Amino acid sequence: MTAPGPAHEEEVLGKAYDARLVRRMLPYVAPQARWIALSVTLMFVVIGAQLLQPYLIKLLFDVFIPRADRAGIAALALVYIAATTVELLARYGQLYSMELTGQNVILHLRDRLFRHLNALDSSFFDRHPVGRLMTRVTTDIESLADLFSSGVVSLLGDSVKLIAIVVILWWLNWRLACVTFAMTPFLFLLSVLLRGRIRRSYRDVRRRIARINAYLQESISGMLLVQLFRRGEVNRREFDAINSEHRDAELRSVVYESSFSAIIELVGNVAIALIVWYGGREMVRGVLTFGTLVAFLNYTSRFFGPIQDLSGFYAVLQAAMASLERIFALLDERPTITSNPLPAALPERARGRIDFEDVRFAYRDGEEVLHGIGVRVEPGEKIAIVGATGSGKTTLIKLLIRLYDPTSGAIRLDGRDIRTLPLPWLRRQVGVVQQDHFLFTGTIASNIAFGRPDLPRERIEVAARLVHADRFVRGLPKGYDEEVRERGNNLSVGQKQLLSFARALAYDPAVLVLDEATSSVDTETEILIQDALRLLLEGRTSIVIAHRLSTIVGADRILVFHHGRIVEEGTHRALLQARGIYHRLYQLQFGLETETSGPLPLAAPEIST
Ligand SMILES: Nc1ncnc2c1ncn2[C@@H]1O[C@H](COP(=O)(O)OP(=O)(O)OP(=O)(O)O)[C@@H](O)[C@H]1O
Ligand SMILES: [Mg+2]
């Protein structure tokens with residue numbers, strides 16, 4: 001069981017039954033009570049019809065044949081057909097209602113989980129890798145499905161069936177019954193032992209599949225780099241190793257699995273042989289009828305299946321409990337950033353004054369990223385933020401839209417602390433164009449209307465036209481209905497940027513924040529983007545984390561970030577004259593001779609960072 005490397009929480013198995021978890025599960029199961037009742041009822045019908053069949057055979061040999069009762073034999077055959085038909089129909093209904101119960105429970109739980117994930121804030125996602133969360137919503141929930149399909153009802157069914165068979169065997173002939181029962185502890189022990197091995201080998205296989213997936217994911221998404229740096233050969237060898245490990249694990253599990261069924265079958269056959277030997281002698285002695293012997297053999301062969309299933313139930317239960325534990329732990333996570341009810345006097349649209357008051361922030365305790373940012377942005381003002389990579393620019397923006405809350409200090413919008421505002425209202429006022437232009441699966445149009453799904457088509461197209469995205473969109477085979485594939489892989493960086501501008505314009509926020517991407521685009525697109533930007537920033541407060549000279553120069557005020565502090569502040573001209581950090585940054589980034597008294601550059605040169 002001990003795995004090399006760090007223990008994965010996916011592999012921790014605990015108790016097989018935990019009353020607390022089961023109680024929490026009840027609200028999801030209770031609405032299915034009717035289906036569960038139906039399933040249990042049908043289960044009894046199945047067992048009854050099933051166990052009637054060997055008895056009918058006994059009647060044939062012991063009663064009807066000796067009496068040469070032809071009509072009785074015909075009737076018996078009909079009853080036999082009826083019994084199997086009833087069994088078949090009832091089994092169908094039973095499996096269906098059980099599966100329906102399980103799937104309904106899972107549907108609600110998964111729904112609940114997804115809604116819950118949507119309500120959690122960024123700091124939660126910093127702490128929890130995406131892969132783990134995916135596992136919660138997929139695999140963990142799957143193992144609950146197992147609990148229903150091969151769990152609870154089969155546990156009940158198998159137990160009832162076992163008890164019924166024991167009673168019937170005992171009633172038919174108790175001495176012969178003892179022969180069958182003698183095999184039971186042996187079989188149960190073997191099952192438990194082998195099941196443990198099988199379970200471990202399955203886990204091995206799963207772990208290796210996860211490794212293959214992770215490796216594939218990384219190499220395929222980084223294929224460009226792999227090919228550029230000719231890492232292909234190394235990667236192939238690494239993959240080969242992982243791949244063969246997987247084959248070996250898979251083979252091991254097949255070996256265990258097939259030895260398991262072979263051994264169980266062997267034990268069953270030994271029991272049959274013992275009954276043939278002992279029962280045959282009893283028949284010769286005349287103390288056992290032929291019909292009883294045949295019925296006995298038949299019941300005995302039905303006896304070992306449930307034992308086999310029961311031995312596996314513990315594992316199913318254990319896995320389900322472990323999954324439940326993790327699922328509920330996730331549901332117990334509370335968002336730290338909460339919305340407030342709408343204050344009475346909140347206008348439809350904010351004026352757009354923003355105050356950062358001594359804002360301090362740390363992603364992790366003790367590692368402060370922002371050390372007391374204090375600045376006021378007036379309504380309609382255009383602010384540019386510049387600074388080295390990692391200086392905390394994006395972080396400040398995240399605080400403004402409350403992806404995180406400051407550790408101390410406050411941010412105000414129109415004089416109101418943003419923590420007292422309803423989140424949807426705040427995020428309606430502050431539009432953000434992110435550094436990496438994230439597009440969602442859907443069409444071009446639905447991506448532009450992302451924040452406002454009710455936006456009419458006309459407005460979408462107007463927004464696109466204004467930011468010059470219109471031209472390339474029309475060039476696409478399906479225009480605005482073109483599908484966006486895999487986060488926009490089928491679009492260029494510049495095109496994605498224009499689209500996210502169109503999205504922001506359609507959203508029409510009072511405050512626009514733009515985290516410019518550093519990547520440069522061709523001169524023609526650059527001119528389009530500049531023009532789009534000018535239009536986008538018009539008539540609203542704007543904060544642009546700027547890499548483009550044109551944006552920087554055009555700003556009313558520039559804030560220079562350095563290691564989480566604002567170290568310089570002023571207009572382009574004033575900052576250049578001060579010959580401080582901005583001056584140095586400017587020279588480094590744009591490689592221009594700065595003649596502070598000379599004319600300012602009009603067009604932005606190609607920027608490379
Ligand atoms: N989710 C996070 N968890 C922990 N630390 C983070 C996280 N995001 C950013 N940081 C750290 O915070 C600091 C500031 O990051 P930030 O993204 O604000 O920089 P930036 O100024 O926007 O840089 P760039 O110009 O490269 O975009 C960096 O040191 C970074 O490592
Ligand atoms: Mg950034």
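Let's start with R230, which is exposed, with a relative accessible area of 71%. You'll find R230 in the loop that runs between α8 (223–228) and α9 (232–284). Its backbone is worth a look as well: R230 has a positive phi of about 50°, even though it's not a glycine. And before I go on, please keep in mind that this is a predicted model.

Helix α11, residues 393–400, gives the largest share of the shell around ligand 1, with four residues. How many residues surround ligand 1 altogether? The number is 15, and the closest are T389, K393, T394, T395 and Q435. By type, the shell splits into four nonpolar, seven polar and four charged residues.

Now for the polar atoms. T389 has a polar side-chain atom 2.3 Å from an oxygen atom of ligand 1. T395 does something along those lines, with a polar side-chain atom 2.4 Å from a ligand 1 oxygen. Then there's Y363, where an N or O atom of the side chain is 3.4 Å from a nitrogen atom of ligand 1. As for cover, ligand 1 on its own exposes 640 Å², and the protein buries 68% of that.

Two more stops. D18 is in the segment before α1 (19–29), and it counts as buried because its relative accessibility is 11%. A polar atom of the D18 side chain lies 3.1 Å from the backbone nitrogen of R20. If we skip the neighbours within four places in sequence, D18 is in contact with M321 and E325.

Last one: L156, in helix α6, residues 152–172. With a relative accessible area of 38%, L156 is partly exposed. Which residues does L156 contact, leaving aside its neighbours within four places in sequence? Those are V40 and M43. And L156 and F44 are 112 residues apart in sequence, with their C-alphas 9.8 Å apart in space.

That's my tour, so over to you.

Definitions and conventions
Residues numbered from 1 in each chain as written. Chains lettered and ligands numbered in written order. Predicted model: local features only at pLDDT ≥ 70, side-chain atom pairs only at ≥ 80, totals over all residues. Heavy atoms only, no water. Near = heavy atom within 4 Å. Polar contact = N/O pair within 3.5 Å; in protein donor to acceptor, adjacent residues only side chain to side chain. Areas by Shrake-Rupley, 256 points an atom, 1.4 Å probe, with all protein chains shown as cover. Helix = DSSP H or I, 4+ residues; strand = E, 2+ residues; numbered from the N terminus. Nonpolar A, V, L, I, M, F, W, Y, C, P; charged D, E, K, R; others polar. Buried < 20%, exposed > 50% of the residue type's maximum accessible area, 1.4 Å probe, protein only. Contact = heavy atoms within 4.5 Å.
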